[in-house]
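Subject: Structure handover

Hello,

Here is the structure we spoke about. Please open it first, then read the notes below.

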Amino acid sequence: MDTSGRRIDKPVGSKDKPVGQVEFETMLLGRHSHLFNPRTRSSGGRLDRSAYILLSRIQMDGPMSIGQLTDAFGLDASTLNRQTAAMLRGGLVERIPDPDGGMARKFRISAEGARQLDADRSEYTQGLEKVLDSWSAQDVATFAGFLQRFNSDIERLEGHPWPRP
């Protein structure tokens, strides 16, 4: 019952089971992302989610073509064309000839893209440090290990592994 006396039904897959708990907590994680994802930055706007993820991948792998991005993310080329076009307009990436001599042009992160990605990553890290401030270093490391395992298992099922440092 809620405070007004109305009955509250538990949702299917309730948090009584461990997998239900994982579903519930990951739903809340998305809701609380504002704690470690500030809405504004004194130096200007913030990268949108797709730009942050694409720039992170290009930063790790180096220049990538639309075909390589399609393989990496499992997204269709039209979606990636829209996202990369927006990043080109924003000066976040540059189109360059394939450094390996291939026919496809590739996207390389620009100096501005690297600057914005680094600034956002710094803000996200600072926000996470606030959230995890009362945790022991061992607890943070254990949590990071479980998150990596969780993401790696998702990537394995989807067939799109993410490179890790």
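Start with helix H6. H6 has 22 residues, which at 1.5 Å a residue should span 32 Å. Its end C-alpha atoms are 31 Å apart, which agrees. The expected span is 1.5 Å times one less than the number of residues. Helices here are DSSP runs of H or I with at least four residues, numbered from the N terminus. Just after H6, glycine 159 takes a positive phi of about 80 degrees.

Some ground rules. This is a predicted model, where local features need pLDDT of at least 70, side-chain atom pairs count only at pLDDT 80 or more, and totals for chains, interfaces and linings use all residues. Residues are numbered from 1 along each chain as its sequence is written, and side-chain values use heavy atoms, with hydrogens and water left out.

Aromatic pairs

Rings of Phe, Tyr and Trp (its six-membered ring) pair if their centres lie within 6.5 Å; planes under 30 degrees apart are stacked, over 60 edge-to-face, and the rest tilted. The count is three aromatic pairs. One of them joins phenylalanine 73 and tryptophan 162, edge-to-face, at 5.6 Å centre to centre with 70 degrees between the planes. Phenylalanine 73 lies in helix H3 (residues 66-73) and tryptophan 162 in the segment after H6 (137-158), so this pair ties together parts 89 residues apart in sequence. Phenylalanine 73 is buried, at 18% relative accessibility. Tryptophan 162 is partly exposed, at 25%. (Buried means under 20% relative accessible area, exposed over 50%, partly exposed in between, with a 1.4 Å probe and protein chains only.)

Tryptophan 135 and phenylalanine 143 also pair edge-to-face: 5.3 Å between centres, 65 degrees between planes. Tryptophan 135 is partly exposed, at 36%. Phenylalanine 143 is partly exposed too, at 37%.

Arginine 57

Which rings does arginine 57 lie over? One is phenylalanine 73, at 5.9 Å from the ring centre. Another is tryptophan 162, at 4.9 Å from the ring centre. A charge sits over a ring if NZ of Lys or CZ of Arg is within 6 Å of the ring centre and within 35 degrees of the ring normal.

Arginine 57 is buried, with a relative accessible area of 7%. It forms a salt bridge with aspartate 61, the closest N and O atoms being 2.8 Å apart. A salt bridge is a side-chain nitrogen of Lys or Arg within 4 Å of a carboxyl oxygen of Asp or Glu. Both residues lie in helix H2 (residues 49-61), four residues apart, about one turn of the helix. Aspartate 61 is partly exposed, at 38%.

An α-helix has 3.6 residues a turn, so residues three or four places apart point the same way. Aspartate 153 is partly exposed, at 33%, and arginine 156 is exposed, at 55%.

Another bridge links glutamate 155 and arginine 164, at 2.9 Å from N to O. Glutamate 155 is buried, at 13%. Arginine 164 is partly exposed, at 33%.

Best wishes

Definitions and conventions: Helix = DSSP H or I, 4+ residues; strand = E, 2+ residues; numbered from the N terminus.
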